[in-house]
Amino acid sequence: MAVMARPRGMVREEVVDRFATEKSIAGWNILVAFLALALGGLMGVLQVLQYNGIDLYRPLKAILPGGYYQGLTLHGVLNVLVFTTFYIIGFLTFIAAKAFDRPLASKGMAWFTFYFMVAGLLIAAVPILLNRATVMFTFYPPLKANGFYYLGLTMVVVGTYFLLVNLVMTYRAWRKENPAAKTPLAAYMSIITMTMWVIATFGIATEMIFLLIPWAFGLVPGTDVLLARTLFWFTGHPIVYFWLLPAYISWYTLVPKQAGGKLFSEPMARVSFVLFLVLSVPIGIHHQYTDPGISQIWKLVHFIFTVGVFFPSLLTFFNVVASLEHAGRSRGGEGWLAWIFALPWKEPSFTTQVFAMLLFAFGGAGGVINASYNLNLVVHNTSWISGHFHLTVGSAVALTFMGITYWLVPYLTGRALWSKGLGLAQAWLWLIGMILFSHFMHMLGLHGMPRRTMIGAAPYVLPEWKLLLPFTMIGGLLMFTSALCFLVNTLMTIYAGRREEPAEVPFAKALSGPEDVPAVLDRFWPWVLGSLVLVAINYGPTLYFLVSTGRFNIPGLSPW
Ligand code: HAS
Ligand code: CU
């Protein structure tokens with residue numbers, strides 16, 4: 001009987017939907033992500049208005065007693081920590097399962113990942129909203145938050161570990177049935193991304209558990225500022241590739257198909273990803289060029305390796321543009337550049353993601369300027385850096401995630417996108433808004449305008465800042481309008497979209513595909529080992545020095 005019952009149950013599940021869990025998890029994560037983005041984005045508007053002398057923090061005093069700095073904390077935490085992390089966990093859960101063509105090994109663990117992260121988010125949200133954690137998303141001591149802020153954020157991070165465990169279990173089960181096949185590209189990339197991320201989080205986990213949490217709960221009297229900052233950037237740099245790589249997964253494995261063509265080279269795509277695994281973590285000190293107490297030698301070494309991690313993005317540049325060119329020509333496009341016009345510019349999912357790529361080309365170029373030791377001295381702590389990361393995380397990543405949503409939400413709900421026109425308007429508004437915003441933030445930075453400063457209230461505003469600031473406001477408002485269009489379109493799709501059979505997930509084939517992939521580019525351990533060795537070399541001496549000379553006696557400050 002039991003034997004009979006089992007296949008019947010399986011058949012029923014097959015008919016219902018093998019991927020029902022993954023789809024719900026993706027849906028819920030995306031919902032949390034965009035709620036965060038909505039509130040976080042609103043805080044961005046308050047900032048840019050304040051810069052231009054329109055101070056809405058005063059009338060909002062009852063809700064935001066910490067004013068600009070509480071708003072900035074919400075902006076950073078919600079946009080770059082909450083939005084990204086939840087979206088990524090949802091997207092990778094779904095896309096890896098689809099790529100393996102099997103549900104994740106443990107449904108229970110998949111749900112546990114989500115619940116644990118949400119619990120962490122709620123725990124961290126309370127002190128932020130009560131103005132007890134106005135320390136911004138980098139939470140550098142001596143700024144001190146309520147202990148539950150650190151505890152909650154740690155839980156969000158720890159929650160993500162379970163996705164890696166689940167992916168590895170799924171991979172093993174898949175491998176048993178497919179001993180000779182190459183791991184499907186999107187699944188391989190998802191595991192590489194999560195592995196890199198888990199190694200990357202050693203820094204922040206150590207900072208939280210040994211320094212900040214005991215300090216915030218009063219178990220130890222003080223902390224060491226430089227060690228805390230170094231541990232933060234140990235994670236704080238590679239976190240940017242944790243945000244970026246899921247966007248790259250879309251650009252490599254989905255966008256070529258959406259464009260009407262094929263991925264140019266799968267082996268090259270894999271080289272890019274394994275290089276990210278090896279090179280992302282050992283380079284955080286390029287955020288600390290101006291910190292005293294870290295040897296120039298290690299600053300130089302981290303600079304050299306940062307230039308190294310530029311390379312897998314250049315490979316991506318080449319591979320993605322070659323794929324687009326192939327698509328353009330397959331659609332009848334011709335000429336040196338005229339093929340560009342043959343691409344499906346009327347499809348919001350495609351257009352949004354290509355705009356993300358375009359903006360990223362400029363953000364990437366700015367990145368190498370930040371990384372150069374002596375140029376960094378000019379731009380560090382100025383609004384140039386805000387310009388840089390709005391092109392990277394705010395465009396390459398956020399805009400790509402919106403682009404993915406344009407096909408994923410219809411796929412999950414079985415309803416057509418509510419309005420293609422609104423989707424396209426959204427993409428163009430973001431492109432134009434971001435060009436204005438980021439260009440003028442970069443320029444203001446070159447004119448010495450500091451970042452994270454309440455410029456609207458500063459007594460030292462230079463005439464040239466006054467000239468440039470209004471453009472950041474126009475850009476910011478255009479981006480906000482774009483985000484509103486996106487939210488309306490997504491909600492209307494869910495509630496009022498025309499019912500339709502979901503299309504297939506648009507996985508692209510490759511011109512040079514799995515058959516050309518050498519065995520080593522389908523392995524994990526050599527690259528994990530490479531990463532760990534480089535981390536030990538690039539961080540070992542500095543961390544040893546900082547721990548052994550640390551003076552854990554700095555008391556906390558909560559100025560706002
Ligand atoms: Fe960065 C600071 C260096 C990439 C995010 N970065 C930040 C901060 C954030 C951030 C949030 O070295 C501020 C943190 C804070 O609060 O203090 N960054 C780099 C370098 C890269 C880089 C070298 N950053 C990113 C990415 C981010 C991100 C990605 C988020 C997702 N960054 C720095 C440095 C600092 C820094 C210093 C510290 C500055 C300071 O002083 O504080 C590189 O990885 C970039 C490589 C990218 C490229 C572009 C490739 C282009 C592609 C698209 C091609 C397709 C096209 C489409 C153009 C080389 C792949 C064509 C279309 C057709 C139709 C044909
Ligand atoms: Cu960095």
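In the predicted model, helix H4 (residues 107–129) comprises 23 residues, which at 1.5 Å a residue should span 33 Å; the end C-alpha atoms of H4 are 33 Å apart, in agreement with this expectation. The buried residues of H4 are Met109, Ala110, Thr113, Phe114, Met117, Gly120, Leu121, Ala124, Pro127 and Ile128. These buried positions pack against helix H2 (20–51), H3 and helix H5 (147–177). Asn131, with a positive phi near 60°, follows H4.

Helix H11 (residues 266–279) was examined in the same terms. H11 has 14 residues, and the distance from its first C-alpha to its last is 20 Å, close to the 20 Å expected at 1.5 Å a residue. At the N-terminal end, H11 is capped by Ser265, a side-chain oxygen of which lies 3.0 Å from the backbone nitrogen of Met268. H11 is mostly covered, with 11 of its 14 residues buried. The buried set consists of Glu266, Pro267, Ala269, Arg270, Ser272, Phe273, Val274, Phe276, Leu277, Val278 and Leu279. The elements covering these residues include helices H6 (185–200), H9 (239–253), H12 (296–330) and H18 (525–549), together with strands E1 (263–265) and E2 (510–512).

The largest nonpolar core contains 170 residues, and those with the most contacts inside it are Tyr87, Phe139, Tyr149, Tyr150, Trp251 and Leu324. Helix H3 (residues 67–100) supplies the largest share of this core, 22 residues. For Tyr87, the contacts beyond four places in sequence are with Asn29, Ile30, Ala33, Phe34, Phe401, Ile404, Thr405 and Leu408.

Phe360 is located in helix H13 (residues 348–371). Its relative accessibility is 13%, and Phe360 is therefore classed as buried, the limit being under 20%. When residues up to four places away in sequence are not counted, Phe360 touches Leu244, Tyr248, Trp251, Ser313, Leu391, Thr392 and Ala396. Trp251 is also among the core residues with the most contacts. The C-alpha atom of Phe360 is separated by 9.4 Å from that of His390, which is 30 residues away along the chain.

Definitions and conventions
Residues numbered from 1 in each chain as written. Chains lettered and ligands numbered in written order. Predicted model: local features only at pLDDT ≥ 70, side-chain atom pairs only at ≥ 80, totals over all residues. Heavy atoms only, no water. Core = buried A, V, L, I, M, F, W, Y, C linked by side-chain atoms within 4.5 Å. Buried < 20%, exposed > 50% of the residue type's maximum accessible area, 1.4 Å probe, protein only. Helix = DSSP H or I, 4+ residues; strand = E, 2+ residues; numbered from the N terminus. Contact = heavy atoms within 4.5 Å. Expected span 1.5 Å × (residues − 1). Polar contact = N/O pair within 3.5 Å; in protein donor to acceptor, adjacent residues only side chain to side chain.
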